[in-house]
Amino acid sequence: MPVGRGHVRALAVRDDLIWFDFAELCDRPFSTIDYLTLADTHRRWTISGLPRLTEAGPDAAQRFANLVDVLVDRDVHLTLIGGTSLTDTLHGAGLPPDIGRTASRLALLQQETVTTT
């Protein structure tokens, strides 16, 4: 789907639900404006492949924090699918200084976290 000057690949789109892989959204150089565009068109999101943010790298971790801000501001329902608990995902050295704020904001969303093994 078109976003800004590029495209983002959704794994699935159905009505107001959109499903992305973490790497597609956060490993690529998308801006907050790109996330706003997507959040304004889809009210329910699923993001799979959520890694520990320490393993994702600082840019991807910051993009994830920005994305969470957008989704909270737009009151979007979010389902996260990853291999660890959300606490473990958001813990570790080298993360954005405001990662605690991200954890707090995630608690505000109608959010569900699924841990896979």
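Rings of Phe, Tyr and Trp (its six-membered ring) pair if their centres lie within 6.5 Å; planes under 30 degrees apart count as stacked, over 60 as edge-to-face, and the rest as tilted. The model is predicted, so local features need pLDDT of at least 70 and side-chain atom pairs 80 or more, while totals for chains, interfaces and linings use all residues. Numbering starts at 1 along each chain as its sequence is written, and side-chain values use heavy atoms, without hydrogens or water.

**Stop 1: Phe20 and Trp45.** A search of the whole structure finds three aromatic pairs. Select Phe20 and Trp45: ring centres are 5.2 Å apart and planes at 50 degrees, so this pair is tilted. Phe20 sits in strand β4 (residues 17-21) and Trp45 in strand β5 (residues 44-50), so the pair ties together parts 25 residues apart in sequence. Strands are DSSP runs of E, at least two residues; helices are runs of H or I, at least four; both are numbered from the N terminus. Both Phe20 and Trp45 are buried (under 20% relative accessible area, 1.4 Å probe, protein chains only).

**Stop 2: Phe22 and Phe64.** Their ring centres lie 5.9 Å apart with planes at 55 degrees, so this pair is tilted. Phe22 is in helix α1 (residues 22-26), Phe64 in helix α4 (residues 58-73). Relative accessible area is 2% for Phe22 and 1% for Phe64.

**Stop 3: the core.** The largest nonpolar core has 31 residues (buried Ala, Val, Leu, Ile, Met, Phe, Trp, Tyr and Cys joined through side-chain atoms within 4.5 Å). Leu25, Trp45 and Phe64 have the most contacts inside it. Colour α4: its eight residues are the largest share of this core.

How values were computed: Buried < 20%, exposed > 50% of the residue type's maximum accessible area, 1.4 Å probe, protein only.
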